[in-house]
Amino acid sequence: MPDKKVIGLHELYEKDPIEADKLLWGRTSDPVTRRGFLQKGALTALSLALGSNMVFANNFPAGMIPAGLAYSDQPFNLPGKRAGMVVLNDKPINAETPPHLLDDELTPNDLFFVRNNGIPPESIDVSSWTLTIEGESASQKKTYTLAELKSKFENVTYNLTLECGGNGRKEFNPPAKGNQWSTGAVGCAAWTGVRLRDVLKDVGVKSNAVYVAYYGQDTHLSGEAGKVVISRGVPVTKAMEEESLIAWAMNGKDIPVLNGYPLRLVFGGFPASCSGKWLSQVVIRDQVHDGPKMTGQSYRVPCKPVAPGTKVPDDEMCIIEEMPVKSLITFPKTGATIKQTARLPIRGKAWTSAEKIKTVEWSIDFGSSWSPCTVRVSDNRYSWQSFDANVSFPETGYYEVWVRATDSAGAAQPMLLPGWNPRGYLNNACHRIAVKVS
Amino acid sequence: MSKRPDVLPPMLAILNLALMAFALVLLFLLFGDSVMQSFRNRPVPMDMTAYRPGSGTGGMADEDQIKDGIHVATGLIYAEGFDIVRGTCTACHSAKLVTQNRATREGWTEMIRWMQAKQGLWDLGANEPIILSYLATNYAPEDIGRRASIDVDAIEWYVLDLEKEQ
């Protein structure tokens with residue numbers, strides 16, 4: 001019977017969250033035939049996967065289709081995101097922003113990179129959304145509604161840069177597995193919310209507190225209810241910093257669903273994975289947090305430098321905290337052809353987990369000589385800082401414009417890849433663009 | 001003695017009825033589906049051109065288009081094992097997850113084991129060596145040294161009119 005066949009398919013794919021896909025993609029199945037989104041090409045791949053032709057296509061379980069189409073060649077837009085973002089993975093959604101689209105003073109919401117580990121929550125009811133603070137080192141367990149958070153604590157806005165720890169992974173050799181981020185897993189927005197420390201103090205933090213960690217409302221890719229997707233955190237000292245936020249607004253607007261609506265943590269200067277999205281619970285721990293993606297090799301680098309390709313045991317891997325100094329050329333887009341008479345204006349962004357950026361320099365001779373850029377002062381720590389310069393070229397030909405930032409702690413960007421690590425984190429090598437002068 | 005013949009005919013009749021009922025059930029079990037099917041709405045094949053390699057009609061042609069050795073729709077390299085890799089890997093995730101990564105056979109094996117341990121990937125059976133050979137051959141790490149050069153061939157050159165810009 002046809003139904004038997006469907007059950008067989010279900011056994012393989014029963015865990016696919018149909019509803020989440022519906023929310024994310026706006027794809028819906030035809031209520032009668034359930035083949036509304038069987039698109040060209042899907043049949044081929046699915047038939048191959050099953051080793052048989054899909055005769056009973058109209059009985060095909062709807063939840064499987066989006067998975068089968070996971071490679072989809074159909075151009076699609078991420079919800080709430082502008083076209084032009086580079087989608088590295090569509091299940092879970094991971095998308096980066098090309099450098100020339102990061103030219104704005106603050107990154108617009110629809111251009112902010114997306115690094116999801118699971119599936120964002122669906123049907124979010126802001127009026128019933130709560131945040132619970134608890135844990136071994138919390139004096140009490142306390143729950144706040146969004147309205148309570150907004151009214152009870154001082155509302156603050158900071159420009160904070162978020163960068164994925166794996167940004168730049170693509171360049172490591174030997175390669176590291178995972179999303180092959182190029183340069184665009186970074187953005188800086190004006191985040192509005194309350195200080196995490198104000199809320200923690202309201203609850204009461206015991207003197208033995210070590211770590212502050214989050215839990216969010218996203219669901220695991222397997223669809224398994226209650227399976228935590230990712231739960232990371234920061235040392236208490238970081239949580240207590242002035243700029244560490246529980247935020248509900250981004251650039252004066254709601255945070256996009258893909259970026260954590262309606263509530264998230266924002267820690268500038270730490271890997272963005274510390275800044276939990278769809279935030280519903282904060283735990284004050286009396287030990288280093290041990291949630292998923294806190295342990296093993298995730299978001300960790302060798303405690304001591306290793307040769308490229310070295311296998312490093314888990315107990316010799318240390319948690320990444322501060323992100324390194326880094327910069328991007330956001331204008332012009334790589335590949336510009338200009339006339340020799342013109343001086344080429346360049347613009348970009350530089351950021352660090354240190355106090356501020358000290359200098360940004362440019363070079364068109366692969367580092368033989370460096371010239372200074374003008375660096376704008378930022379409103380607060382952990383904001384990126386804009387820089388610009390006018391570059392002139394001695395003769396026609398092919399050039400590369402490289403930029404290098406140095407922060408107030410004296411750390412500068414390397415021109416080659418920094419220390420190799422098994423998971424490919426913390427690549428802050430200089431950015432460069434190609435220019436032809438004719 | 002005289003009573004026995006009176007009992008036999010009804011008993012035989014009951015036995016016959018039981019046999020007939022059994023045969024009917026058996027027939028239904030064997031052919032019931034197909035008979036019932038003709039009373040139901042028959043399964044409707046999808047209203048699209050069936051998959052035929054190189055059929056060259058309708059939209060399906062694009063799906064199987066190979067350009068410069070790349071299967072255009074997925075971006076996967078069209079080589080031995082392609083069909084199985086496409087059918088297996090893209091059942092659950094984007095082909096981009098394959099094409100953007102590079103690893104040795106050992107590295108790809110580790111990724112498969114990880115997916116089996118954490119992501120519910122099934123036992124690949126006889127397909128596993130085929131998949132591994134495809135991946136290790138076509139998506140092997142290249143030695144790019146401490147840093148790769150800018151891929152000049154991949155750059156989309158454009159004229160930047162600076163007077164307009166300033």
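Predicted model: local features only at pLDDT ≥ 70, side-chain atom pairs only at ≥ 80, totals over all residues.
Begin by selecting residues 105-118 of chain B, which form helix α5, a run of 14 residues whose first and last C-alpha atoms lie 20 Å apart, close to the 20 Å expected at 1.5 Å a residue. Within α5(B), colour Gly107(B), Trp108(B), Met111(B) and Ile112(B), which are buried. If the view is turned to look down the axis of α5(B), these buried residues fall within an arc of 140 degrees, so they line one face of the helix. In general, residues three or four places apart in an α-helix point the same way, because there are 3.6 residues a turn.

Before leaving α5(B), look at Gly120(B), which follows the helix and has a positive phi, near 80 degrees.

Now keep α6(B) in view and select residues 82-89 of chain B, helix α3, which packs with α6(B) at an angle of about 105 degrees, the axes being 9 Å apart. The two helices, α3(B) and α6(B), are therefore roughly perpendicular to each other. Showing side chains here brings up the contact, to which α3(B) contributes Phe82(B), Ile84(B), Val85(B) and Thr88(B), while α6(B) contributes Asn127(B), Ile130(B), Ile131(B) and Tyr134(B). Coloured by class, this contact of α3(B) with α6(B) has 6 nonpolar residues and 2 polar ones, with no charged residues.

Methods:
Residues numbered from 1 in each chain as written. Chains lettered and ligands numbered in written order. Heavy atoms only, no water. Helix = DSSP H or I, 4+ residues; strand = E, 2+ residues; numbered from the N terminus. Expected span 1.5 Å × (residues − 1). Buried < 20%, exposed > 50% of the residue type's maximum accessible area, 1.4 Å probe, protein only. Arc of directions from axis to C-beta. Axes fitted to C-alpha atoms, helices over the stretch in contact; angles between N-to-C directions. Parallel < 35°, antiparallel > 145°, perpendicular 65-115°, else oblique. Contact = heavy atoms within 4.5 Å. Nonpolar A, V, L, I, M, F, W, Y, C, P; charged D, E, K, R; others polar.
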